[in-house]
Amino acid sequence: MNHWRAHRSGRRSRFFSSSASLAFLSALFTGLLLLFTQSGCKPSSGNAPGGDTIPVGEYTSLTGKEATYGISSHNATRMAVDEINSAGGVLGKQLRLICEDNQSKAGEAANAARKLISRDRVVALLGEVASSRTLEVAPIAQEAKIPLISPASTNPKVTEVGDYVFRVCFTDRFQGRVLADFALKTIKAKKLAILSDLKSDYSKGLAECFKERFVAKGGQIVAEPSYSGGDKDFKAQLTAIKGTEPDAILVPGYYTDVGLIVMQAKQLGIKVPLFGGDGWESPKLLSIGGAALEGHYFSTHYSMEVASPKIQSFVKHYQERYGEYPDALAALGYDSAYVLADAMKRAGTTESKALRDAIAATKDFETVTGKITIDAERNPQKPAVILTIKNGQFKLLETIQPD
Ligand code: PHE
């Protein structure tokens, strides 16, 4: 159970205490809990209001359609901030992580970021996972000259917004190439269908990047229907795809939609492999798609199966703290906080221009998801992994190094 759910059930039980004083205390406690759960925040060691702390903003999807992205990423970001604070903090101060839930909704990420910048006066922003929501916030951060580090938004356009916008993950130019090579070499697919989400910058961008490489290497796209994130019935698109007899189907979407698509493909008797990108990564994918996912594939940022000491120690601590295994979103959230803290230390200040310059100068910085050097476009070059689903679990198949 994640801590956010634990809070909710705790809150409900407080409503039923009977004595007057208990009721008062309970109401007070409930109010406080409500405050924290609304922002999805629980105080961390450096979270005392005011005081000599450095406010860092995080905007993420703790509820709504892509909630597992935000919960994983937030849990690990908080873990990193707590570790940094217990090791003495940064520049003699504790980091104060202030987070805002955007409910996975368009428009809400911008609201959250505005609040963090003007109300909380944060010195930097961490977030979002989904590219469309980072693209909403990037111009706001750029305009306010508040450095923004996205942990997981892979759409190439994200960092093109301006020189205050960074990411700690690879881009879909790389992920598209990785998937195209995988389709051609490993699946041996020549004829391919793509089913993408019209509403998502991530989905459209990844489909484009994939196509560019796949077609250049001799592959053929035979069908390209689309859907709208949140749809429940994909049978019309899947029936049309089936009629074109592709060797495989690329589904560059998010887990809630992908789970249903994979299930309905099976119901329609589609036997060819389905595959996608990091958007598939969620423990919820397995509960939505069930057995229909067996033997399909996706690319993502890291695998717990890799035996590096950095990964193993991260997995152990996350597991001890949250009682579950960290996914790629957790790993990237954790890395984003460490990249920021490292830049603050090198800058020797949290003044915005100096901090921006220090993030831009990040070089050979060891993280859970690989060594990070921020290039001139404010992106790192990092490896990708391909996972498959076997016996209801994600299994590491290949690691692909950047060239
Ligand atoms: N890369 C996705 C996007 O840009 C987000 C994502 C990252 C989802 C990692 C799952 C895992 O929208």
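These legends accompany a set of close-up views of a predicted model.

**View 1. The five-stranded open sheet.**
Let's start with the strands β2, β1, β3, β4 and β5, which sit side by side in that order and form an open sheet with parallel pairing.

**View 2. Strand pairs within the parallel sheet.**
Here are two of the pairings to trace by eye. β1 and β2 run parallel and are joined over eight bridges. If you look for glycine 57, you will find isoleucine 98 of β2 opposite. How many residues of β2 are buried? Seven of its eight are, so the strand is mostly covered. Further along, strand β3 (residues 125–126) pairs with strand β4 (residues 148–150), again in the parallel sense, over two bridges. In this pair, leucine 126 has isoleucine 149 of β4 as its bridge partner.

**View 3. Helix α3 against helix α13.**
On the α3 side, the residues in contact are Tyr69, Ser72, Ser73, Ala76, Thr77, Met79, Ala80, Val81, Glu83 and Ile84. They meet Leu329, Ala330, Gly333, Tyr334, Ala337, Tyr338 and Ala341 of α13. Sorted by class, the residues of this contact are twelve nonpolar, four polar and one charged.

**View 4. Helix α7 against helix α8.**
This view shows helix α7 (residues 172–187) packed with helix α8 (residues 201–216), their axes 8 Å apart and at an angle of about 55 degrees. That angle makes α7 oblique to α8. The crossing of α7 past α8 is right-handed.

**View 5. The seven-stranded mixed sheet.**
A second open sheet has seven strands, in the order β8-β6-β10-β11-β12-β15-β16, and its pairing is mixed. β8 (220–223) and β16 (393–400) are the edge strands, each pairing on one side only. From one strand to the next, the twist averages 30 degrees. A handy landmark is threonine 388, whose bridge partner in β16 is lysine 395.

Serine 303 belongs to the loop between β12 (297–300) and α12 (309–322). Is serine 303 buried or exposed? Its relative accessibility is 6%, and buried means under 20%, so serine 303 counts as buried. Leaving aside residues up to four places away in sequence, serine 303 touches Ile311, Val385, Leu387 and Leu396. Alanine 384 is 81 residues from serine 303 in sequence, yet their C-alpha atoms are 9.3 Å apart in space.

Finally, some backbone geometry to look for. A cis peptide bond joins glycine 127 and glutamate 128, with omega at about -20 degrees; glutamate 128 lies in the loop between β3 and α5. Leucine 91, a residue other than glycine, has a positive phi near 55 degrees. You will find leucine 91 in the loop between α3 and β2, where it is partly exposed with a relative accessible area of 37%. Arginine 121 likewise has a positive phi near 55 degrees and is located in the loop between α4 (108–118) and β3. With 61% relative accessibility, arginine 121 counts as exposed.

Technical notes
Residues numbered from 1 in each chain as written. Predicted model: local features only at pLDDT ≥ 70, side-chain atom pairs only at ≥ 80, totals over all residues. Heavy atoms only, no water. Axes fitted to C-alpha atoms, helices over the stretch in contact; angles between N-to-C directions. Helix = DSSP H or I, 4+ residues; strand = E, 2+ residues; numbered from the N terminus. Parallel < 35°, antiparallel > 145°, perpendicular 65-115°, else oblique. Left-handed = near helix turned anticlockwise from the far one by under 90°. Pairing = 2+ DSSP bridges. Buried < 20%, exposed > 50% of the residue type's maximum accessible area, 1.4 Å probe, protein only. Contact = heavy atoms within 4.5 Å. Nonpolar A, V, L, I, M, F, W, Y, C, P; charged D, E, K, R; others polar.
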